[in-house]
Amino acid sequence: MVFRALVMVVSVNTLLLTSYILIFVSMGLEVYVSTVLALLTILTSNILSRFNVSIGNVRLDDEFRKASMVRIGSKYLVQLVRFKTMNNISLEFNLGGFLIPLTLSTSILTYIVSSQGASTLITTSLLVITSALLINRVSVVVRGVGLAVPVVMVSLMVSLATMLVVMILGSPHQLWLLSYVASYISVLVGVDIMNLGKVVVHNVRRVVVGGLNVYDALSVIPASTTLITYTVLKLLQM
């Protein structure tokens, strides 16, 4: 158990470190500076992961449908029953799992817009909308754990969508960075926001966005998507 936990810690932090270095280098920083900045980012993420910030209580409600079967003599009557659930939950944000990826996404988007123009905002919006809808379809609510998505599948989906846009627009040197931004916002919207209503049926009293700290999907999926996109585009250029 200890060995598996150690492997996971090393694997995730190595993934984050590699993706952060690639991002910072692609934004024009020297390799040495990028490495130091990536290490500081991961260190800050792990420190801030100890803290959650509450934004208050949120009232959630959702409508569910269930088939009810009633036996009448030798026959059965099937009725569709609708019921509505309501609950007040405490909504919180983990500083390491939510704020750090948000800050990095904002920095990347600002860099791309300043170098490529405001038209990239339209590209990013289309990527986010498409990816968020796809991600929402494969996300599930795991009782006792929270909202979950298959990391590899989601990373491949967002990476593929980004690469298609990059190839169409013909600017892989800059726009491939959108894979990080698109995956972060898509997971935030498609998993955490669009699924809030689903947690009501599990009688959840508290929801922490980015609650798994640096191991949360908000951190891991953007990093893995970045590596996949960068690697494939580099291979295609060979």
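How many helices and strands does the protein chain have? There are eight helices and five strands in the protein chain, taken as DSSP runs numbered from the N terminus, with helices (H or I) of at least four residues and strands (E) of at least two. Read from the N terminus, the order is α-α-β-β-α-α-β-β-α-α-α-β-α.

A word on the basis of this. The model is predicted, so that local features need pLDDT of at least 70 and side-chain atom pairs count only at pLDDT 80 or more, while totals for chains, interfaces and linings use all residues. Residues are numbered from 1 along each chain as its sequence is written, and side-chain values use heavy atoms, with hydrogens and water left out.

Let me turn to the interior. Of the 238 residues, 39% count as buried, where buried means under 20% relative accessible area, exposed over 50%, and partly exposed in between, with a 1.4 Å probe and protein chains only. The largest nonpolar core has 47 residues, and Tyr20 and Ile108 are those with the most contacts inside it; such a core is a set of buried Ala, Val, Leu, Ile, Met, Phe, Trp, Tyr and Cys residues joined through side-chain atoms within 4.5 Å. Neighbours within four places in sequence aside, Ile108 is in contact (heavy atoms within 4.5 Å) with Ile23, Met27, Leu177, Tyr180 and Val181.

Next, the aromatic rings. Rings of Phe, Tyr and Trp (its six-membered ring) pair if their centres lie within 6.5 Å, and planes under 30 degrees apart count as stacked, over 60 as edge-to-face and the rest as tilted. By this rule there are two aromatic pairs. One of them joins Phe93 and Phe98, tilted, at 4.4 Å centre to centre with 35° between the planes, and both of these residues are buried. In the pair of Trp176 and Tyr230 the centres are 5.1 Å apart and the planes at 55°, so this pair is tilted. Because Trp176 lies in the loop between helix H6 (172–175) and helix H7 (178–193), and Tyr230 in helix H8 (residues 217–237), the pair ties together parts that are 54 residues apart in sequence. Trp176 is buried, at 4% relative accessibility, whereas Tyr230 is partly exposed at 25%.

Also in helix H8 is Val232, which is partly exposed at 29% relative accessibility; its C-alpha atom is separated by 8.6 Å from that of Met163, 69 residues apart along the chain.

Finally, Tyr32, in helix H2 (residues 31–48), is exposed, with a relative accessible area of 65%.
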